Amino acid sequence: MSSSWGNSIRISIFGGSHTAAIGVNIEGLPAGERITWPEILKQMSRRAPGRDKTATTRKESDEPRVLCGLLDGVTTGAPLCAVIENSNQRSKDYSQLKVLPRPGHADYTAEVKYGGHQDVRGGGHFSGRLTAPLVFAGAVARQILRRRGIEIGSHVLKIAGAEIGDRSFDPVGVSPELLDRLSNEYFPVIDPAAKESMRQSIEGARLSQDSVGGTVECAVLGMPVGAGDPIFDGVENRIASIIFGIPAVKGIEFGAGFSVADMRGSENNDPIYMENDGSIRTRTNNSGGILGGIANGMPIIFRAALKPTPSISREQDTVNLADRTNAKLTVTGRHDPCVVPRAAPAVEAAAAVAVLDLLAQSRML
Ligand SMILES: Cc1cc2nc3c(=O)[nH]c(=O)nc-3n(C[C@H](O)[C@H](O)[C@H](O)COP(=O)(O)O)c2cc1C
Ligand SMILES: C=C(O[C@@H]1CC(C(=O)O)=C[C@@H](OP(=O)(O)O)[C@H]1O)C(=O)O
């Protein structure tokens with residue numbers, strides 16, 4: 001399984017949703033970095049399950065335990081390994097799923113690939129729960145980045161079916177204060193008035209035994225000009241690669257994204273100008289802060305699309321893999337009616353790990 005990621009800062013994520021614990025090993029961190037524990041716990045709790053009606057009812061404290069790599073709260077330079085206990089498994093919910101694979105989940109593909117030896121309980125290694133160790137790694141990375149003037153934040157831009165979505169980041173004017181506020185919130189939104197409509201859409205889906213997806217928009221401020229490489233190791237490549245490590249992500253776009261296909265060069269090109277302080281900026285930011293795979297110093301802005309949660313309690317069509325017949329499935333258990341609010345801190349964490357790796361790779365740390 002390819003559960004390791006990174007060129008210079010390498011993370012390796014282990015465990016399954018119903019095993020004793022899950023965790024992450026982080027290699028390549030600079031030594032001497034103080035890691036503040038309340039900041040770690042804050043990020044973990046933004047993602048933790050069971051906090052409100054938009055989430056699964058499984059409850060986990062998600063307090064990581066560091067095995068090695070930190071001494072008196074400071075990185076030693078050796079691999080940093082942390083584990084997060086699973087304490088609230090209800091594995092009987094999964095007893096039928098090896099024979100009756102859920103539409104939209106990884107049950108069928110895992111059954112074929114691992115010959116029936118995969119752990120199906122709680123989604124096993126495919127579970128959204130595996131974003132907890134990613135959030136831990138991101139919480140470490142973002143503290144190192146903040147010391148270098150880099151801020152990361154995200155918000156829930158859209159929930160399918162909500163009449164009102166959040167407003168987008170101002171691509172040239174997003175402020176560190178806004179990112180700081182968002183990166184402290186559960187279900188972060190720029191415009192608090194948008195949240196109620198999004199909550200109603202999630203609740204409506206839940207009540208009708210269904211689920212909804214949506215979009216998370218993320219911004220990175222302070223990325224130094226020159227970070228990243230052309231062709232295969234660009235900022236877009238690295239961010240996209242790690243963001244697709246978040247279960248349920250089906251799309252990502254940077255800057256103006258798919259709308260560039262409808263623009264003329266005169267509209268899409270971001271005019272370059274000299275700022276009074278001597279820095280070079282662009283008046284618009286359709287590039288999302290990336291040209292030729294390399295950061296141009298403007299905010300890096302991207303959006304990730306998340307699909308509706310596959311496990312819905314409505315009856316669905318599937319097959320019986322034991323007798324190879326068509327069958328019906330009613331999924332039981334505790335599932336998120338929408339994964340998007342809890343995915344937001346995972347998106348930020350993934351961006352933080354990618355940016356730290358890009359800086360290390362470009363020898364800019
Ligand atoms: C934070 C988070 C929570 C999730 N919760 C659930 C869930 O409760 N039930 C479920 O079926 N899928 C959930 N998912 C999505 C599945 O894990 C995912 O769709 C599945 O592993 C298949 O992977 P894919 O959608 O990337 O192809 C969650 C994903 C995330 C990021
Ligand atoms: C536990 C978490 O989310 C889980 C993600 C998940 C899935 O299939 O992705 C399925 C559910 O697992 P279970 O059936 O064990 O409750 C969610 O609760 C978490 O995010 O920490």
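Ala, Val, Leu, Ile, Met, Phe, Trp, Tyr, Cys and Pro count here as nonpolar, Asp, Glu, Lys and Arg as charged, and the others, Gly among them, as polar. The exercises below concern a predicted model.

**Exercise 1. Describe the shell of residues around ligand 1 by class, and name the closest residues.**

Step 1. Begin with the residues that surround ligand 1, of which there are 15, the closest being Phe126, Lys307, Ser311, His335 and Asp336.

Step 2. Sort the shell around ligand 1 by class, which gives 6 nonpolar, 5 polar and 4 charged residues.

Step 3. Turn to individual atom pairs: an oxygen atom of ligand 1 lies 2.6 Å from an N or O atom in the side chain of Ser311, and a polar side-chain atom of Lys307 is 2.7 Å from an oxygen atom of ligand 1. Phe126 takes part through its backbone, where a polar atom is 2.9 Å from an oxygen atom of the ligand.

Step 4. Finish with the surface: ligand 1 taken alone exposes 630 Å², and the protein buries 87% of that.

**Exercise 2. Work out which residues come nearest to ligand 2, and how its shell divides by class.**

Step 1. Among the 15 residues around ligand 2, those that come nearest are His18, Arg47, Arg58, Tyr94 and Gly128.

Step 2. By class, the shell around ligand 2 holds 2 nonpolar, 8 polar and 5 charged residues.

Step 3. Look next at the side chains that face oxygen atoms of ligand 2: an N or O atom of the His18 side chain is 2.6 Å from one, a polar side-chain atom of Arg58 is 2.7 Å from one, and the side chain of Arg129 has an N or O atom at 2.8 Å from one.

Step 4. Taken alone, ligand 2 exposes 470 Å², of which the protein buries 93%.

**Exercise 3. Determine how helix H3 is placed against helices H8 and H1.**

Step 1. Two packed helices are described by the angle between their axes and by the distance between those axes, so both values are needed.

Step 2. Helix H3, residues 131–146, packs against helix H8, residues 340–361, at an angle of about 50 degrees, with the axes 7 Å apart. H3 is therefore oblique to H8, and the crossing in which H3 passes H8 is left-handed.

Step 3. Helix H1, residues 37–47, and H3 cross at roughly 140 degrees, their axes coming within 9 Å. Angles over 145 degrees count as roughly antiparallel, and the angle here makes H1 oblique to H3. The crossing of H1 and H3 is right-handed.

Conventions:
Residues numbered from 1 in each chain as written. Chains lettered and ligands numbered in written order. Predicted model: local features only at pLDDT ≥ 70, side-chain atom pairs only at ≥ 80, totals over all residues. Heavy atoms only, no water. Near = heavy atom within 4 Å. Polar contact = N/O pair within 3.5 Å; in protein donor to acceptor, adjacent residues only side chain to side chain. Areas by Shrake-Rupley, 256 points an atom, 1.4 Å probe, with all protein chains shown as cover. Axes fitted to C-alpha atoms, helices over the stretch in contact; angles between N-to-C directions. Helix = DSSP H or I, 4+ residues; strand = E, 2+ residues; numbered from the N terminus. Parallel < 35°, antiparallel > 145°, perpendicular 65-115°, else oblique. Left-handed = near helix turned anticlockwise from the far one by under 90°.
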